[in-house]
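Subject: Handing over a structure

Hello,

Here is the structure I promised to pass on. Have a look at it, and then read on for what turned up.

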Amino acid sequence: MRLGYLLLAAACVSAPALAQPDYAPAVEADYKASLGALFDYFHRNPELGFLESKTAARMAAELKKAGATVTEGIGKTGVVAVMKNGDGPVVMIRADMDGLPVEEKSGLANASKARQVNLAGEEVPVMHACGHDVHITSMVGTAKRLAAMKDRWKGTVVFVVQPAEEPISGAKAMIADGIYTRFPKPDYALALHVSSGLGTGKVSASEGIQYSSADSLEILVRGVGTHGASPHMGKDPVYIGSQIVVALQSIVSREVMPLSPAVITVGSFHAGTRPNIISDQAKLEITVRANDEETRAQLIKAVERVARGVARTHGLPEDKLPEVRHVEGTPTTINDGALARRLNAVMVETLGKDGFEPFVQDGMGAEDFAYFIEKQYGVPGYYFAVGGTPQAAFDAEKAGGPPVPGHHSPLFRIDPEPSVTTGTVAMTAAVLELMKPGAAGETD
Ligand SMILES: [Zn+2]
Ligand SMILES: [Zn+2]
């Protein structure tokens, strides 16, 4: 009893379990030798979606150096690298590589000063404010380790370097460009995301829903312009648009089954030029989130019905009813149950009990990895989060210190070394499990 207590006390004061499979020291050494500098390069040189030419070229060179056969320009700036090692399953690893139009204010020595002309022709600051630099660096780390341990796996690894995750269009572009027809079709697809909300040295994954669906809709409300002093002479799209904003919330509160998560957010509303002019149009931009395809379809349909219905109520004729346009969307990201149970067990084995947490959604974020694992392709997927923030930063926040900045913040800062090494070790462990000679596949 006494001894047990002492052992428990000793366990409590020791450092949290670190990644320690036999190849972990080699990953640490790789970080010191080259991965650290590679991360630094990516962090200083972020590029926007579909404009990642330098990043793609560097990834192509790195994956070639690791021994893979590389094809560039898949889905515009995407890169596909194939590493073959005899007969066995095909495992795809996907890493997204785009940065965001955010001006970095992290204060870090390697903070980005990059600016880029975006696809709309405007010059904007660019920052890796979501941590995609961790994803691509970890992918190179994983390729190096797999190349060095070819006696421990059999089959084909397909490394997919994806452009434009942030505008949720890169995965779709790569699929349209033949990722599943021009290259070996995967038996499994894996991906990771660094998380500022998770402690370093840890990974976290769900056995089902990992991310929500996201759809961007645009509503063009057409009115009849007139003098601001004579509203009876026109149809005011600002007033009608405002009624639509309010009415849209009734979809979530009155139409969706209360136990089904759903979000409708009007993120932008633009109309008019002057206080005394009633505009002739208003534009609303909306994001719609759901955790299942049925609710997703219900929400999208209802937005159109409500928008048009409100406009009718205010007397707009049928040929002037609002136009609702679906701009972009991504399905829910759902981990395959059997695959996730198998790989979650591998994560516990690899990183220790303290190194794994079941994934719990704390919002309705989305990911376009969902496209690669849509039911129609029959490719079971496993997506996991990798801790990016040292425990000390969470402790400081709790004690009243500065809050840990979230993703997309100009202050976003993760600790690159443990993020990349844990990401590399965890991804390598997942691949070795799925590709160990004689491994049997089981998925839901
Ligand atoms: Zn992001
Ligand atoms: Zn991201």
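A polar contact here is a pair of N or O atoms within 3.5 Å; within protein, one must be able to donate a hydrogen and the other to accept it, and residues adjacent in sequence count only if both atoms are side-chain atoms. This is a predicted model, where local features need pLDDT of at least 70, side-chain atom pairs count only at pLDDT 80 or more, and totals for chains, interfaces and linings use all residues. Residues are numbered from 1 along each chain as written, chains are lettered from A and ligands numbered from 1 in the order written, and side-chain values use heavy atoms, without hydrogens and water.

With that rule, six residue pairs (both at pLDDT 80 or more) are in polar contact across the interface of domain 1 and domain 2. The domain assignment, automatic or from a database, gives 16–212 + 332–435 as domain 1 and 213–330 as domain 2. Contact (heavy atoms within 4.5 Å) joins 14 residues of domain 1 to 13 residues of domain 2.

Now to the metal. Cys130 (SG), Glu166 (OE), Glu166 (OE) and His408 (NE2) coordinate the zinc ion (ligand 1) at 2.1 to 2.8 Å. Donors are N, O and S atoms within 2.8 Å of the metal (3.2 Å for Na, K and Ca); water is not among the atoms, so sites may look incomplete. Along the sequence, the donor residues of this zinc ion (ligand 1) follow the spacing C-x35-E-x241-H. Cysteine 130 also bridges to the zinc ion (ligand 2), with 3.1 Å between the zinc ion (ligand 1) and the zinc ion (ligand 2).

Enjoy exploring!
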